[in-house]
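Please consult the sequence and structure shown here while reading.

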Amino acid sequence: MTARLTGPGVPRHLPARRLTAVPHLPRHINELARPITDEPEPITHRLASGRYQSPLRYPGAKSILAPLIGRLIVNASVHPALQGIDLLVEPFAGGASTSLRLVGDGTVKRILLADADPLVAAFWQVAAEQTDALIARTCEEHADYIKAGRDHALVRWDYWRHWSPRLGTSERTARFESAVKCLFLNRTTFSGILHGRAGPIGGRAQTSRYDISCRFSPQSITDRIGYVGQLYDTRRLVDVWCMDWRETLNQVISVYKTLVPDHVLAYLDPPYIEKSSKLYNTSFDSGGGYARPLVADLDWQNVLLHERLAAYLYQRMRYRWLLSYDNHPRLLDSCLLYARDRMNPDCDAKASGVRTWRISKRLVQLHYTASALRGRGKVNELLLTTLPPSVVPIDADFRSAH
Ligand SMILES: C[S@@+](CC[C@H](N)C(=O)[O-])C[C@H]1O[C@@H](n2cnc3c(N)ncnc32)[C@H](O)[C@@H]1O
């Protein structure tokens with residue numbers, strides 16, 4: 001017998017199974033995580049060797065850092081224990097600029113992207129698997145709302161800001177529309193921030209020279225989406241996961257059992273230790289930003305989440321890792337964060353294969369030409385890594401962080 005729902009607004013004659021809940025967005029591109037089977041195919045897309053490949057503008061995008069990270073990986077590949085990275089995992093993918101670049105130029109063989117923000121994950125999943133449909137829809141959104149003039153674009157901006165999947169929508173439709181929402185808001189909102197408080201580029205009045213359309217170039221966006229599609233088709237982009245960083249790191253081990261831990265590298269670029277809740281929908285929230293309590297801005301809570309990540313990396317991480325942080329004195333001062341120089345797994349973790357790798361700490365200087373978030377000029381980025389210390393350089397690019 002079919003259970004019936006009752007209550008205000010629920011017609012008494014309708015069986016419960018016909019009432020579909022608001023769909024959850026899929027956690028992998030397909031129902032199950034995609035296995036690694038064959039050798040990936042060559043990438044022929046012209047963007048593979050370019051400087052910018054990401055269709056998303058992203059607060060904190062690390063495209064300036066990618067060549068330096070690439071250098072670290074290339075150096076490490078000569079080490080007998082490593083000899084190349086078979087899989088680069090990016091659990092805080094955001095705009096994924098580092099992964100897209102390093103797989104394109106051949107520094108790593110494959111990449112896996114993951115993000116807890118369902119909009120961001122949906123975008124990458126759809127760009128990978130429904131590439132042509134997303135390209136067509138991007139052109140339509142541009143022709144119908146951006147090119148049609150500022151008033152039309154603002155109406156569409158409000159529409160997407162308030163849009164969420166309707167009751168009964170299929171999971172696939174919800175994911176596709178979420179991807180379009182992510183892309184539209186990312187290209188038309190101040191600094192690309194996917195957050196309730198950020199307004200459209202150029203403000204409501206649209207009196208600035210830089211108006212809502214200024215970052216929406218269909219040609220370059222669709223070219224970049226095409227690149228993501230080719231990465232997926234050639235099995236260079238293994239999968240896109242919508243999950244919290246901890247689950248991503250745990251699942252990589254259980255899903256990709258055949259990979260040697262020394263040949264897997266996680267590149268982690270978590271939200272800033274300060275102010276992240278103003279930038280990201282998720283702001284380091286494992287509920288994907290949707291279960292966030294009203295007091296999520298509290299500093300102690302934010303720091304606690306960063307401490308949990310540090311504890312995991314020091315005590316439980318089975319494969320190599322590389323972490324980048326907007327430099328902050330707290331990071332290297334606190335034993336609960338990154339003051340220690342070596343991983344310290346307990347006996348059980350050691351028995352399950354966690355090693356006691358040394359941790360190299362470097363500062364690199366990034367030159368931002370313009371950034372609404374950081375201002376113009378130089379910022380220090382802290383890099384921590386368990387790549388073998390003998391291969392992590394200290395030179396004009398990488399200063400010791402001790
Ligand atoms: C600093 S951004 C990453 C920027 C990226 N490296 C780039 O180049 O564009 C941090 C990302 O982490 C995601 N995030 C926040 N909390 C998370 C969590 N608990 N687990 C996984 N991802 C999370 C945010 O949605 C955001 O996309």
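## Basis of the description

The model is predicted.

## Overall composition

The protein chain holds 11 helices and 8 strands. Of its 402 residues, 41% are buried. Among contacts in the chain with a separation of 6 or more, 73% link residues 24 or more positions apart.

## Nonpolar cores

The largest nonpolar core has 80 residues, and the members that touch the most others are Phe123, Trp124, Ala179 and Leu265. Helix α3, residues 118–129, gives the most to this core, with 9 residues. A second, separate core comprises 7 residues, including Tyr145, Ala153, Ile212 and Phe216.

Beyond its neighbours within four places in sequence, Trp124 is in contact with Ala93, Ala96, Leu113 and Val240. In soluble globular proteins, nonpolar side chains tend to be buried together.

## Helix α4

Helix α4 runs over residues 131–146, 16 residues in total. From first to last C-alpha it reaches 21 Å, close to the 22 Å expected at 1.5 Å a residue. Its buried residues are Thr131, Leu134, Arg137, Thr138, Glu141, His142, Tyr145 and Ile146. These residues lie on the same side of α4 because they cover an arc of only 140 degrees around the axis.

The other side of α4 carries the exposed residues Asp132, Ala136, Glu140, Ala143 and Asp144. The cover over the buried residues of α4 includes α3, α5 (150–162), α6 (171–188) and α7 (218–233).

## Helix α7

Buried in α7 are Ile221, Thr222, Arg224, Ile225, Tyr227, Val228, Gly229, Leu231 and Tyr232.

The elements against which these buried residues pack are α2 (97–104), α3, α4, α6 and strand β3 (237–242). Just after α7, Arg235 adopts a positive phi of about 65 degrees.

## Strand β2 and Leu112

Leu112 belongs to strand β2, which covers residues 111–115. Leu112 has 26 C-beta neighbours inside 10 Å and therefore counts as buried.

Leu112 and Val238 are 126 residues apart along the chain, yet their C-alpha atoms are separated by 5.4 Å. When neighbours within four places in sequence are set aside, the contacts of Leu112 are Leu87, Val89, Val238, Asp239 and Val252.

Strand β5, residues 320–326, is mostly covered, with 7 of its 7 residues buried. In a regular strand the side chains alternate between the two faces of the sheet. Both faces of β5 are covered: one side holds the buried residues Arg320, Leu322, Ser324 and Asp326, and the other holds Trp321, Leu323 and Tyr325, also buried.

Strand β4 (residues 264–268) runs parallel to β5, and 4 bridges join the two. Within this pairing, Tyr267 has Leu322 of β5 as its bridge partner.

How values were computed: Residues are numbered from 1 along each chain as its sequence is written. This is a predicted model: local features need pLDDT of at least 70, side-chain atom pairs count only at pLDDT 80 or more; totals for chains, interfaces and linings use all residues. A nonpolar core is a set of buried Ala, Val, Leu, Ile, Met, Phe, Trp, Tyr and Cys residues joined through C-beta atoms within 7 Å. A residue is buried if 20 or more other C-beta atoms lie within 10 Å of its own, exposed if 12 or fewer, and partly exposed in between; C-beta atoms are placed from the backbone. Two residues are in contact if their C-beta atoms, placed from the backbone, lie within 7 Å. The expected span of a helix is 1.5 Å times one less than its number of residues. The arc is that of the directions from the helix axis to the C-beta atoms. Two strands pair if DSSP finds at least two bridges between them.
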